[in-house]
Amino acid sequence: MKWNLILDWRRTFKEMVMEDINVKSVRYPKSTDEKLEKISMKLGRPKKLVVIQMVNYFFGTKKDPIDFNDELLKKELVNGVSRIISFFKKQEKDFLLPMFTDSNGLTIIAKEHTEYFKIIWQHLQKEEKKSDVISNRLGQLEKEISATHQYHNEKSKLKSSFREILNYYINQRESLGWPVSAAKKEELQSHVRKSLENI
């Protein structure tokens, strides 16, 4: 669209230089001429060229010069964009920034907790080793208690057997009476010795 307007302007300017095609004139109020003068000075073009370009612009875009809706629409769009940007800035200030601040705090707390958990884990590993040592000692102690208990049982059986042999010896000795022959004594002693060896 812009490129077409430039080409039209060049073509028009060329035609103006080559031949005089100005066969029409337009009369307008002095206030309009003052405005046109300001526009042409601002653009750095002659008033006639500005008028020709305005006609080409409105002809090419098919816009109505009295329709200001385009400008109002632009202003509304700019205002709407500004409102949206201010809304996002408000949301960022009220929600996002505090959320990021809180998340940073939570990250710091999580790191501290991780360090605490490492310390606790190391302590638990040490306690586990101590528990293993205590468990081994308790196992040995249990074995020793069991061996002692067995020893006492065997000792009780031994005493019981010895008591039976002694009672037998005493009873037999008493039944022999006095004087006793050497053969009878030897037989009794031999029997007691064998009984003791069999315990």
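Does Gln53 count as buried or exposed, and what is its relative accessibility? Gln53 counts as buried because its relative accessibility is 16%, where buried means under 20% relative accessible area, exposed over 50% and partly exposed in between (1.4 Å probe, protein chains only). This is a predicted model, in which local features need pLDDT of at least 70 and side-chain atom pairs count only at pLDDT 80 or more, while totals for chains, interfaces and linings use all residues. Residues are numbered from 1 along each chain as its sequence is written, and side-chain values use heavy atoms, with hydrogens and water left out.

**Whole protein**
- The protein has 5 helices and 0 strands; these are DSSP runs numbered from the N terminus, helices being H or I with at least four residues and strands E with at least two.
- Of its 199 residues, 6% count as buried.

**Helix 3**
- Gln53 lies in helix 3, which covers residues 47-61.
- The buried residues of this helix are Leu49, Val50 and Gln53.
- Seen down the axis of helix 3, its buried residues fall within an arc of 95°, so they line one face; the arc is that of the directions from the helix axis to the C-beta atoms.
- Val55 and Phe59 are exposed on the other side of helix 3.
- Lys62, with a positive phi near 60°, follows helix 3.

**Side-chain contact**
- The side chains of Gln53 and Arg45 are joined by a polar contact of 2.6 Å. Such a contact is a pair of N or O atoms within 3.5 Å; within protein, one must be able to donate a hydrogen and the other to accept it, and residues adjacent in sequence count only if both atoms are side-chain atoms.
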